[in-house]
Amino acid sequence: VEFSHLPVMAREVAGYIGCRPGGVYVDGTVGGGGYARELLRGCAEPGDVRLIGMDVDAAALKAAALRLADFTESITLVRRNFREIRDVLDELGIESIDGLMLDLGVSSHQIDDPERGFSFRFDARLDMRMDRRLRLSASEIVNRWDAARLEEIFRDYGEERRARRIAVAIVEARKRGPIETTRELADIIIGALPPHARSSRTIHPATRVFQALRIAVNDELESLRTGLAEGAAALRPGARLVAVSFHSLEDRIVKETFRSLAASCVCPPGLPVCVCEARPVLRVLTRRVLRPAPEEVAENPRARSAKLRAAERI
Ligand SMILES: C[S@@+](CC[C@H](N)C(=O)[O-])C[C@H]1O[C@@H](n2cnc3c(N)ncnc32)[C@H](O)[C@@H]1O
């Protein structure tokens with residue numbers, strides 16, 4: 001499958017990050033290289049700049065190398081999770097960076113590759129691993145986790161109202177044999193719903209459960225929390241961190257992490273005086289979240305749920 005992913009809000013991201021001669025930038029989710037290319041194209045002397053592109057997906061890194069072929073002297077591509085940004089920088093002998101961008105979630109390439117098992121649009125083996133070196137897959141969760149754990153992830157990561165019914169239906173169905181494919185799972189989910197909820201005009205009834213599985217398989221929310229905190233700590237003063245998210249759970253983590261890193265006191269409420277002596281680390285640049293322009297959404301429907309937040313290291 002050829003790598004196809006239209007970057008979302010790339011111009012806005014590169015605009016916030018900027019480019020300083022001799023600067024070192026990190027793209028924590030390099031994907032097909034769309035953001036990285038936009039950033040490097042905006043540099044007066046790209047040869048002078050260094051860009052570290054991270055991704056857990058080998059196919060993405062291959063695509064990024066091709067897309068960034070004009071900038072080979074500037075780029076270093078590494079197959080790592082951005083939650084390990086501090087280790088990666090240490091291994092490369094880099095102390096602090098001039099900017100970090102994160103474009104969260106899956107690429108269109110991953111969703112559209114039937115083999116990866118991210119989508120119920122194709123019948124594929126349940127997988128959903130962005131990093132195929134890891135063992136935990138959607139199949140393992142669906143076939144082995146108990147009903148209580150399934151219910152919890154469907155509720156917490158999918159915001160699925162009928163989490164319990166669906167969890168119970170899965171546990172019942174797998175007594176008859178393993179649930180192997182995306183379609184089998186989608187059918188079980190639909191079968192668990194009351195008839196009036198089986199067809200929806202807005203989203204497919206399996207969407208929330210699939211989102212929950214994807215987040216659990218890839219430990220997406222923990223990666224994000226760690227990556228934001230470690231990334232913010234690695235910025236030199238004046239350097240910027242930009243995150244683009246695609247659903248409310250991610251956006252909430254970005255917003256809350258920025259807020260707590262921008263706070264001058266993180267004491268629990270109710271204390272008469274501040275005892276934490278916290279110092280603000282970030283200044284939030286996006287008072288309100290930034291959304292894509294209508295023209296971009298018209299061109300690229302995946303952009304419709306994008307939310308951009310940016311902050312600057314103090
Ligand atoms: C939305 S795409 C990025 C697209 C990219 N901005 C572009 O312009 O082509 C997200 C990418 O991040 C990768 N990814 C997701 N979570 C990651 C993580 N915690 N660490 C490293 N890569 C991650 C995925 O494998 C995917 O390739």
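The model is predicted, so local features need pLDDT of at least 70 and side-chain atom pairs count only at pLDDT 80 or more, while totals for chains, interfaces and linings use all residues. Residues are numbered from 1 along each chain as its sequence is written, and side-chain values use heavy atoms, with hydrogens and water left out.

**The pockets**

Rolling a probe the size of a water molecule over the atoms shows where empty space is left. Here, a pocket is an open set of points on a 1 Å grid over the protein atoms alone, where a 1.4 Å probe fits, with protein on both sides within 12 Å along at least five of seven lines; lining residues have an atom within 4 Å of a point. Grid points are joined across faces, edges and corners, and a volume is the space filled by probe spheres set on the points.

The largest pocket holds about 1,000 Å³ of space. Its lining has 29 residues, with Ile111, Thr207, Gln211, Arg214 and Arg304 nearest the centre. Helices are DSSP runs of H or I with at least four residues, strands are runs of E with at least two, and both are numbered from the N terminus. Helices α5 (108-112), α10 (207-217) and α12 (248-262) each supply at least two residues of the lining of the largest pocket, and α10 gives the most, with five residues. By class, this lining has ten nonpolar, eleven polar and eight charged residues. In this scheme Ala, Val, Leu, Ile, Met, Phe, Trp, Tyr, Cys and Pro count as nonpolar, Asp, Glu, Lys and Arg as charged, and the others, Gly among them, as polar.

For the second largest pocket, the space is about 560 Å³. Its 39 lining residues include Thr29, Val56, Phe82, Gly105 and Met130, which lie nearest its centre. α11 gives the most to this lining, with four residues, and the classes are 16 nonpolar, 13 polar and ten charged.

**The ligand site**

In all, 26 residues surround the ligand, and the closest are Asp55, Asn81, Phe82, Asp103 and Gln110; a residue counts if one of its heavy atoms lies within 4 Å. The table gives polar contacts, meaning pairs of N or O atoms within 3.5 Å.

| Residue and atom | Ligand atom | Distance |
|---|---|---|
| Gly33, backbone N or O | oxygen | 3.3 Å |
| Asp55, polar side-chain atom | oxygen | 2.7 Å |
| Phe82, polar backbone atom | nitrogen | 2.9 Å |

**Individual residues**

Leu77 sits in strand β3 (residues 75-78). With a relative accessible area of 28%, Leu77 is partly exposed; buried means under 20%, exposed over 50%, and partly exposed in between (1.4 Å probe, protein chains only). Beyond its neighbours within four places in sequence, Leu77 is in contact with Val30, Gly53, Leu61, Ala64 and Ala65, where contact means heavy atoms within 4.5 Å. The C-alpha atoms of Leu77 and Ile52 are 5.9 Å apart, although 25 residues separate them along the chain.

Asp251 belongs to helix α12 and is buried, at 8% relative accessibility. Leaving aside neighbours within four places in sequence, Asp251 is in contact with Ser245, Val289, Lys307 and Arg309.

Most residues other than glycine have a negative phi. Met128, however, has a positive phi near 70°, and at 0% relative accessibility Met128 is buried. Glu159 also has a positive phi, of about 50°; Glu159 is in the loop between α7 (147-158) and α8 (163-174) and is partly exposed at 37%.

Key. A polar contact is a pair of N or O atoms within 3.5 Å; within protein, one must be able to donate a hydrogen and the other to accept it, and residues adjacent in sequence count only if both atoms are side-chain atoms.
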